[in-house]
Amino acid sequence: MRNMKSIFGLITLLVLMSLAGCGGSGGSGADSPGGSGTAVDPYIAGAVFQEVSADGQTVLQRQSTITNSQGRFVFTKPFTPGSLVVMKPGSTGMHVGEPFQGILKRKVETDDNGELVVSPLTTLLANGMSKADVVSLLGDAGLTGISEADLTTDPMAGLAGQTGTLSDESLYLLRASMAVNTTLDILGNYDADYSTLSSSGGALLLKSMAAVAQETLSKTVYEAVFDPDATAPLQLGDVINASVEFSRAVVKQIKTEMAHNNGVPNIAMIDDAVLAAPAIHDMVSIHYHGRLGSAPTAGTDPVPVPTPDPIPTPDPVPVDGQAVFSDNCSSCHNVGTSGNMMDLSGDSAKIIGRFQPNSAGHMGKTLTADEIQSMMMYVDSITTSPTLPTSPPEPPTSTPEPPVTDPSTPVDGVSLYAVECISCHGKLANTNIVNRDAASIETAIAGNAGGMGGIVLSYEQVQAIADALLVAAPEPPVPTPVDGQALYDDNCSSCHRLGGYDVNGSAPQLGGLGNMVISKVEGGHKGISMTADELNALADWADANP
């Protein structure tokens, strides 16, 4: 009963939130000479990818463009067969209103056409599983109807804006992707291999999360709230977003239970979560009305009553990140201009840190997930560090040059810091990791400190970053000399004498007795307290006046 209440408690909180809707198709990469792709589960906006060599030792392309609302990203050069396209730590983007928690990957195959889908399913393949292994794992978890060819395709293709008739078969691939993602999230391991997920614990989690996906993302849920006569019909994307949010609540509860149960999942609690799935109807209503800009009452019919004169729903207006910054942040911050205010250019991590979606906000201001994402993209577009275009480049006039498999990357510590470190540690001028040497940086990467395990740097590049940090570190303050004469005048002269310097006083003469002075003060003489430097300075003054 306690577990059921916990799940319903989470659901009740979530029903009170209004989140941004899901995007549409990922588009084609045929107009770009460079490799491109789509990050999906569903679409992940605001993420950045890197291309790493097959051995994981060399970065072939250090960063892509930031993924747009349909998860699309672009590189400047074609992909190299056998390489890995990996989400960059610290730049994992937004996933249905909250920061994405994982690291998605895709192995580039020789027959890929330069337009890749990067999803939880392709992450399993990149981790070394065969397509047959993945299909087998999914089938054992009850996720049937998926072929090997499906694993590298977009599970969101054609779904987000769909209305009208729906088949459960069209949801098979997205359910599988979501179930794998939530399982990897619970395990805290996006490098999980076949043995991990086929073990009793891994298989049980995957089967349970598959049940959650099947109960919340289904034709039954969709048809229960769909009204074909409504002015603005429900879209399947509203159900998808609600299913992601419901699954996220279950994941949080499972993690909490596992933390108190020696890492063992509470299957009874997961079963309770599946029984609580009818609450998804209210969550669908929240997403539906959030997309329309209306405010539903929790627990009421989510389908609006048709009006006599239907008004077409206008296309969504893109959020202007610069305008959001100007309206909410410009009174205290600037972007790329001189002044005494904190400069946020190229430093979107500070924005997500202050304006977490659905949080209490910052300085009395709250922003929607779309506003946060748009402003993050705006401030990151204004930076002195090398950046890539935010839209695909123009088509080439000639055949693109073959991919570079071992590019000569200049060992520029300042530029490398801007690409690899700034999202978590702030701008170099006010970084929170000054005075780190190369060894400590390599140790942090090897230990995956703060999610740094996905960063790939040569020793020369690590050393360059350490050198840049050393230059950025403020000069150590020059210590102020301790004045032994002043210490004597303030603490001893009222009673004692000191050689020829002080010939008046009733207490013993201290000239040349520096060691005794130290012993007396350390013994608590007259309640006098001094630091070691002060004691030494006072003793030196006494010895200088015998």
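## Surface and burial

The chain exposes about 25900 Å², of which carbon and sulfur atoms supply 53%; such accessible areas come from the Shrake-Rupley method with a 1.4 Å probe, and for residues only the protein chains shown count as cover. Of its 546 residues, 45% count as buried, where buried means under 20% relative accessible area, exposed over 50%, and partly exposed in between (1.4 Å probe, protein chains only).

This is a predicted model, in which local features need pLDDT of at least 70 and side-chain atom pairs count only at pLDDT 80 or more, while totals for chains, interfaces and linings use all residues. Residues are numbered from 1 along each chain as its sequence is written, and side-chain values use heavy atoms, with hydrogens and water left out.

## Confidence

The mean pLDDT (the predictor's confidence in each residue, from 0 to 100) is 77 for the chain, and 76% of the residues reach 70 or more. Over residues 11-32 the pLDDT is below 50, although this stretch has 62 contacts in the model beyond near neighbours in sequence, a contact meaning heavy atoms within 4.5 Å. Over residues 384-409 the pLDDT is also below 50, and that stretch has 38 contacts beyond near neighbours in sequence.

## Fold and one residue

The chain holds 20 helices and 10 strands, defined as DSSP runs (helices H or I, at least four residues; strands E, at least two) numbered from the N terminus. Methionine 516 is found in helix 19 (residues 514-522) and is partly exposed, with a relative accessible area of 33%. Methionine 516 lies 23 residues from alanine 539 in sequence and 8.3 Å from alanine 539 in space, C-alpha to C-alpha.
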